[in-house]
Amino acid sequence: MKLLELHIDGFGKFHDRTISFSDGLNVVYGKNEAGKSTLHTFIRGMLFGIEKQRGRASKNDLYHKFEPWENSGTYEGSLRVEYRHSIYRIERSFQKNNKELTVVNETLGCEVTPTKAFFEELLGGLSETSYNNTISIGQLKSATDGGMVSELKNYIANMNTSGNMALNITKATAFLKSQRKEYEARLVPEAARTYTALLGEIKTIEKEIAAPEYENQMSAYQRLRNEAKSLIDEKQQEKERLLQKVARGRQVLAQNQFTDRTSITDYENQTQDLYDEYLNIKVHCEKKSRTIGPILLVILATILLGASACFYYMGAENPLSARFGIALPVVCGGLIGSATVCYLISVIGFLTGKRYQKDLALSSQALQETFSRHLGDSAISDEAISAFDQRMVEFQRLSEVMDKSEALISHLVAEISSLAQKQTTCSEVIEKQQKVQWELEKKLELLSSYKTQADALKHTLIENDRVSEELSAIDLASETMSELSTTIRDSFGLYLNKTASDLISGITGGIYSSMSVDENLNIFMNTKTKLVPIDQVSSGTMDQVYLALRLAAAKLIQKSSEPLPLIFDDSFVLYDDERLKSALKWLSNSYPGQIIIFTCHQREAQMLTANLIPYHLIPLEESK
């Protein structure tokens, strides 16, 4: 048997405490009053129970000593052990008015009836007294060397007396025959064949449900579908936001008679050309020659006409005709022609000025409308055209943002379409998975039914095996007894002496090769040269002898093939460092079972670490 874990709901100072043990060596370290003896007693109580004494004895009994310090209603706990490849959980309540004991086989997943036979098998046939005198090992309680010698003699005497036995062959044979009939009546012959058939069906169904198509991927696809839906919602919201943004931007552009960046550029260029034209016309209109020239030409033309009239009135006596001999008609015609040309030129100049004024008014009106619409001020100036250009840059940026937003919207539409397809695919897979899971549930129900039947039969088979073992044991006992005489078997003490002697050499590190006990129960330690009386050796050696005797008795008394855990409770106090080193090495190498050492010193752990001996350290907190 092997201890795996204990859980204390309430026992002594401990409340809701769990402690786990490992294979091999376990060192439970805690200072004085840390609770080592409490844990040791708890293990013993879980295996054998704790009875409340009556009368005066109840004042100092274990029941009252280890009642919970807090919440006395939880005087209970559990102990998990491993025995013959099965894990059992022993649950026990120590309450005097509510004693409960439950044993669960965790390996088989069933409850076991906590009979006396079960615990005898689990404990290898050890009674509580045998347990306390063998595998539960403390230090010698006597204070003097003489007292230690007496305690050793008493121990040997008790083991020798309890080990003696004689057999009544006739009575035992009759009893075995009666037992055989009872066990044969308990056998269920068809159980094995039915159980084998059920195992075949179970194996077939388990192979079917282990196929990849029955792997439950519904949760994964539901998660993927939900993720896709969440992403679609997010991208739809982002798309709607971008659409609203684009709509507002396009509305602003449309209100300003723009459709895209090209229309903004064209409009800006047209306005710049109009402004250049306005400046050019304004320059022409502001020239004084455009106003004075036509007036002077009119005056000149009038003078020429006046001169022509005068010359006509003078006739041939006019200065030009008289001096130069030019005919009067020619002179008058020339003057009239010149006046006519001047008039024509002045009219052309006047009309040209009017045209410039009209063009200036038109361009000015167009610019004022443009600046008023975009700048809120109709004033025409270089600052206005600069502000207009800046305004157009803003429209260009707005149009660029709109183009990018529309491109992003197109990308979002493609992503939403892809996610919608993914969502549809996940829904189809989920629908298929639901059908597969429905089929799987039917198979699991059938499998559960078969396993329930198999479990029921397993208990029958276990009982059959146990009965068969009992029958084999009865047959073997009957056969053995038929070969034995009615003489008394050899003294148990001789076997105890021999077994302990085999252990002495290892425990003492070879200092003593064996021990012997004479007919007066005097103990001698054997060396290569002489026998040394036990009262001449040190108290540490006596403690080693005590350990050897307990281990020998445990080995002889245990009926189980699996060794029980050795539990040491401050057992090495009298050992010096060399003895402790030898004992720990010997125990770790020689004892095949689990070892639990309760100690208030760090010496054991340090010694194990220094000698590279593997162990599991379990520290206990100090009591507060």
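**Group meeting: a walk through the predicted model**

Residues are numbered from 1 along each chain as its sequence is written, and side-chain values use heavy atoms, with hydrogens and water left out.

As for the chain overall, there are 17 helices and 14 strands, which are DSSP runs numbered from the N terminus, helices being H or I of at least four residues and strands E of at least two. Of the 624 residues in the chain, 38% are buried, where buried means under 20% relative accessible area, exposed means over 50%, and partly exposed lies in between, with a 1.4 Å probe and protein chains only. The accessible surface comes to about 35,700 Å², and 53% of that belongs to carbon and sulfur atoms; the areas come from the Shrake-Rupley method with a 1.4 Å probe, and for residues only the protein chains shown count as cover. If we take the contacts with a separation of 6 or more, residues 24 or more positions apart account for 72% of them, a contact being heavy atoms within 4.5 Å.

Now to the largest pocket, which has a volume of about 1,400 Å³ and is lined by 30 residues, with Arg84, Ala117, Glu121, Arg466 and Glu469 lying nearest its centre. The elements that give two or more residues to this lining are β5 (86-93), β7 (110-112), α3 (116-122) and α13 (382-483), and α13 gives the most, with 9 residues. By type, the lining residues divide into 11 nonpolar, 9 polar and 10 charged.

A pocket here is found on a 1 Å grid over the protein atoms alone, as an open set of points where a 1.4 Å probe fits, with protein on both sides within 12 Å along at least five of seven lines, and lining residues have an atom within 4 Å of a point.

Which residues does histidine 85 touch, not counting those up to four places away in sequence? Histidine 85, placed in the loop between β4 (76-83) and β5, touches Thr107 and Glu562. The C-alpha atoms of histidine 85 and threonine 107 are separated by 8.4 Å, although the two residues are 22 apart along the chain. With a relative accessible area of 74%, histidine 85 is exposed, and its phi is near 65°, a positive value in a residue other than glycine.

A positive phi turns up again at aspartate 570, near 50°, in the loop between β12 and α16 (577-590); at 17% relative accessibility, aspartate 570 counts as buried. In strand β12 itself, residues 566-569, Leu566 and Phe568 point one way while Ile567 and Asp569 point the other way, and all are buried. In general, side chains in a regular strand alternate between the two faces of the sheet. Strand β12 pairs with strand β13, residues 595-599, in the parallel sense over 4 bridges, with aspartate 569 standing opposite phenylalanine 598 in β13.

I will finish with two residues in helices. Tyrosine 63 and lysine 96 are 33 residues apart in sequence, and 8.9 Å apart in space, C-alpha to C-alpha. Threonine 370, in helix α12, residues 328-375, also counts as buried, at 8% relative accessibility, and, again leaving out residues up to four places away in sequence, threonine 370 touches Tyr267, Thr271 and Phe388.

Technical notes: Predicted model: local features only at pLDDT ≥ 70, side-chain atom pairs only at ≥ 80, totals over all residues. Points joined across faces, edges and corners; volume = space filled by probe spheres on them. Nonpolar A, V, L, I, M, F, W, Y, C, P; charged D, E, K, R; others polar. Pairing = 2+ DSSP bridges.
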